[in-house]
Amino acid sequence: MCNCLGETQGKIKQLGMMTEKESATDNIIADAMATPSPAKSMGDPGITPLSPSHIQQNDTDSNAHTGPSFIVVVAVDFGTTSSGYAYAFTKEPECIHTMRRWEGGDPGVSNQKTPTTILLTPDRKFHSFGYAARDFYHDLDPTESKHWLYLEKFKMKLHTTANLSIDTELHAANGKRVKAIDIFAYALAFFKEQALKELSDQAGAEFDNTNIRWVITVPAIWKMPAKQFMREAAYKAGLVPRDTPEQLIISLEPEAASIYCRKLRLHQMIDIGTKTTQNGFSPNENVGAGMTQAKEPVRSKRQSRTFLVENVIGELWSELEEGDTYVVVDCGGGTVDLTVHQIQLPEGHLKELYKASGGPYGSIGIDYEFEKLLCKIFGPDFIDQFKIKRPAAWVDLMIAFESRKRAAAPDRTNPLNINLPFSFIDYYKKFRGHSVEHALRKSNVDFVKWSSQGMLRMNPDAMNALFKPTIDHIIQHLTDLFDKPEVCDIKFLFLVGGFAESPLLQQAVQNMLHGRSRIIIPHDVGLTILKGAVLFGLDPSVIKVRRSPLTYGVGVLNRYVEGKHPPDKMLVKDGTRWCTDVFDTFIVCDQSVALGETVKRSYTPAKPSQQVIIIHIYCSEKEGVGFISEPGVRKCGTLRLDVTGTETSAARREIQTHLQFGDTEIRAMAVDVATSRTVKASIDFLAQ
């Protein structure tokens, strides 16, 4: 790394800049001044230090999304439980086409999207995705199915893995391990094939992928490694070439929902605060089905569905004034994401007021509670064995539960019956030596009974109890958010995502708000993010200001100041005293960052022959960070500057780097000041 000093041993020896082959270190030399300027931050000229500039500039010309024009935008909503795609032609931005109806489906469950399930053959080749994967796996003989690799709900692995890397693995239903990057790439390749086929059918000729801008949705609370992982999977899938990264943009799910909600007309949404019955439907009616059947402008075209959106701001926005705020609560399968936006009129641009927050409080939490209930009744040893020995039957059981889960409602009185697969009943008798009915009688779980028709009979309170832990997490998070001083006078709360269809969740949010905000639920609520992601792809500049989720910076050397710097951080070189491990802040947690705003830093190779400069990037959830060695500060990535081809006869080379934080991904651009040549700059957040 350039002009760096070691963090531990041999600090004086390492004063010179390091090459890529040497161990990259983390202390960049800078002059100790309160607000160092590029001219004065050169330090001791004999050491040839880096020259960081703390100046931030709003460089709107450096928009990362400018590039070749595209004919169509295709967005992929890659969800934890279900996924799908939608598209719009750039010449018809008001027409959003959602994917063709998927083959397959479950009774009482809309198939607007397909399950996020994938099946690999025993030799680990891609076989199928979605309903096709699930149905084929279901029909396999149990002795054969244990050799196939079936995966579902695997997206959350990217959020829960601490040191996410290209080598991170997933577990298939049969317990076998497979590389996560392969699974995500297979899934994205599937959507690429489906979308290209549909576009080619519409065009009457083969559609060229270079004419497509791709958008992939991710939760806003995902860290940079998970976002980069999705990009790497897209490259591996052939969605876009690595040398044209601008062809793919990452969309944050609640942002996408917010963008779409701007376009809503009054008949395209439900204001649950003004309804006397649940969402305007009777309490025992499936609210999701009711929303799906709403009279939204739809026109049929070759089995796909086309939604007409306003080319201006929707009717709901006419009630908003400059500076009004609203919250989007994206309740998905794996996560719940919250974002707070402020409207900027007259253009309708959006400004993020508080950093995205949320957590792993999605609807799969209810599935885990159901599994815990089964363990309580039948024993965790049996459930673990059943999942391994009869993986396809376990999938059947969870499908049956999913259907009944959607029927849960606050004032439901009749029981919910869940089919137990025959293999569950049969395997339990072999495993325990007695019947399922006997297990239920002995379990002391009064609210679950055995039906002679081979079903678990749950009373409504029992089902509602499975929802409670997950909903409690969401309500607590919402309560904490509304207590923030930045989050006040919220005019609307938009409830979106598949889990938003739950009447239990809707009622809990209503009870928490006590009328402080109007609760709006768009029709086809499960497609809100998908449609918004298409709109984002058509105009990525619609979000003008975001909040940084973390504090980012690098380790530098500053002039040592007696009484200010700790004695154990002092390093003496050529008679000059330096303070090591100083955290040079790029951007602070929850800081407002405008789109296109950049942080400038200048770096200098240690010697003319150096080809690569490596700089470690650190992050923290704290706002005020003094040293990279503080608790809570961790190395999160590396900035790599490839200076090959920019050689010059100048005595000192300055590589000026611009780091862009106002987008959905952190980007780096660099130029050799002497030659004005572009330097290849990249940031890697994935663990090596």
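Mentor: A residue is called buried under 20% relative accessible area, exposed over 50% and partly exposed in between, with a 1.4 Å probe and protein chains only. The model is predicted, so local features need pLDDT of at least 70 and side-chain atom pairs count only at pLDDT 80 or more, while totals for chains, interfaces and linings use all residues. Residues are numbered from 1 along each chain as its sequence is written, and side-chain values use heavy atoms, with hydrogens and water left out.

Trainee: What makes Asp-524 buried or exposed?

Mentor: Its relative accessible area is 3%; the limit is under 20%, so Asp-524 is buried. Asp-524 also has a positive phi of about 50°, although it is not a glycine.

Trainee: Where does Asp-524 lie?

Mentor: In the loop between strand S25 (518-522) and helix H15 (528-538). Helices (H or I, at least four residues) and strands (E, at least two) are DSSP runs, numbered from the N terminus.

Trainee: How do you know whether Asp-581 is buried or exposed?

Mentor: Asp-581 has 7% relative accessibility and therefore counts as buried. Asp-581 is found in strand S29 (residues 576-587), and its phi is near 65°, a positive value in a residue other than glycine.

Trainee: Which residues of helix H9 (residues 380-389) are buried?

Mentor: Phe-382, Ile-383 and Phe-386.

Trainee: Why are they said to be on the same side of H9?

Mentor: Because they cover an arc of only 95° around the axis, the arc being that of the directions from the helix axis to the C-beta atoms. An α-helix has 3.6 residues a turn, so residues three or four places apart point the same way. The cover over the buried residues of H9 includes helix H8 (364-378), helix H10 (391-405) and helix H11 (422-432).

Trainee: What is the angle between H9 and H10, and what is it called?

Mentor: H9 and H10 pack at about 110°, with axes 5 Å apart. Axes are lines fitted to C-alpha atoms, for helices over the stretch in contact, and angles run from 0 to 180 degrees between N-to-C directions. Angles under 35 degrees count as roughly parallel, over 145 as roughly antiparallel, 65 to 115 as roughly perpendicular and the rest as oblique. H9 is therefore roughly perpendicular to H10.

Trainee: Which residues make the contact?

Mentor: Contact means heavy atoms within 4.5 Å. H9 supplies Ile-383, Phe-386, Lys-387, Ile-388 and Lys-389, and H10 supplies Pro-391, Ala-393 and Trp-394.
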